[in-house]
Amino acid sequence: MGTLREIWAFLRVRKKFWLAPIIIALLLLGVLIVFAGQAGVVSPFVYML
């Protein structure tokens with residue numbers, strides 16, 4: 001969680017709030033890739049996307 005706090009502090013101090021949606025999308029994509037690789041149950045639904 002320290003990394004997320006550091007990123008949030010950077011966005012807040014530098015007024016770069018437009019980067020937040022990009023970072024969130026990349027995090028969600030990373031989570032989807034991790035789940036697709038580990039869970040055999042989720043993979044058929046991932047292929048449908």
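A residue is called exposed when its relative accessible area is over 50%, buried when that area is under 20%, and partly exposed in between. Ile 33 reaches a relative accessible area of 57% and is therefore exposed. This residue lies in helix 2. It also belongs to a nonpolar patch on the surface, which is formed by Trp 18, Ile 22, Leu 26, Leu 29, Leu 32 and Ile 33. Together, the residues of this patch have about 620 Å² of accessible area.

The structure described here is a predicted model. The mean pLDDT of the protein is 79, and 78% of its residues reach 70 or more. Among the elements, the highest mean pLDDT, 86, belongs to helix 1, whereas the lowest, 64, belongs to helix 3, which comprises residues 43–48.

The protein contains three helices and zero strands. Read from the N terminus, the order of its elements is α-α-α. Of the 49 residues in the protein, 8% are buried. The accessible surface amounts to about 4500 Å², and carbon and sulfur atoms account for 74% of this surface.

Helix 1 covers residues 2–14 and helix 2 covers residues 20–38, and Leu 19 is located in the loop between them. When residues up to four places away in sequence are not counted, Leu 19 touches Phe 10 and Leu 11.

Lys 15 is likewise found in the loop between helix 1 and helix 2. The phi angle of Lys 15 is near 60 degrees, a positive value in a residue other than glycine. Lys 15 has a relative accessible area of 61% and is therefore exposed.

Aromatic side chains were also examined. One aromatic pair is found in a search of the whole structure. The pair consists of Trp 8 and Phe 17, whose ring centres are 6.0 Å apart. The planes of these two rings meet at 55 degrees, so the pair is classed as tilted. An angle over 60 degrees would count as edge-to-face, and one under 30 degrees as stacked. Both members of the pair are partly exposed: Trp 8 has a relative accessibility of 44%, and Phe 17 has a relative accessibility of 40%.

Terms used
Residues numbered from 1 in each chain as written. Predicted model: local features only at pLDDT ≥ 70, side-chain atom pairs only at ≥ 80, totals over all residues. Heavy atoms only, no water. Helix = DSSP H or I, 4+ residues; strand = E, 2+ residues; numbered from the N terminus. Contact = heavy atoms within 4.5 Å. Buried < 20%, exposed > 50% of the residue type's maximum accessible area, 1.4 Å probe, protein only. pLDDT = per-residue confidence, 0-100. Phe/Tyr/Trp six-rings, centres within 6.5 Å; stacked < 30°, edge-to-face > 60°. Patch = residues over 30% accessible without salt bridge, like charges linked within 9 Å, V, L, I, M, F, W, Y side chains within 5 Å. Areas by Shrake-Rupley, 256 points an atom, 1.4 Å probe, with all protein chains shown as cover. Salt bridge = Lys/Arg side-chain N within 4 Å of Asp/Glu carboxyl O.
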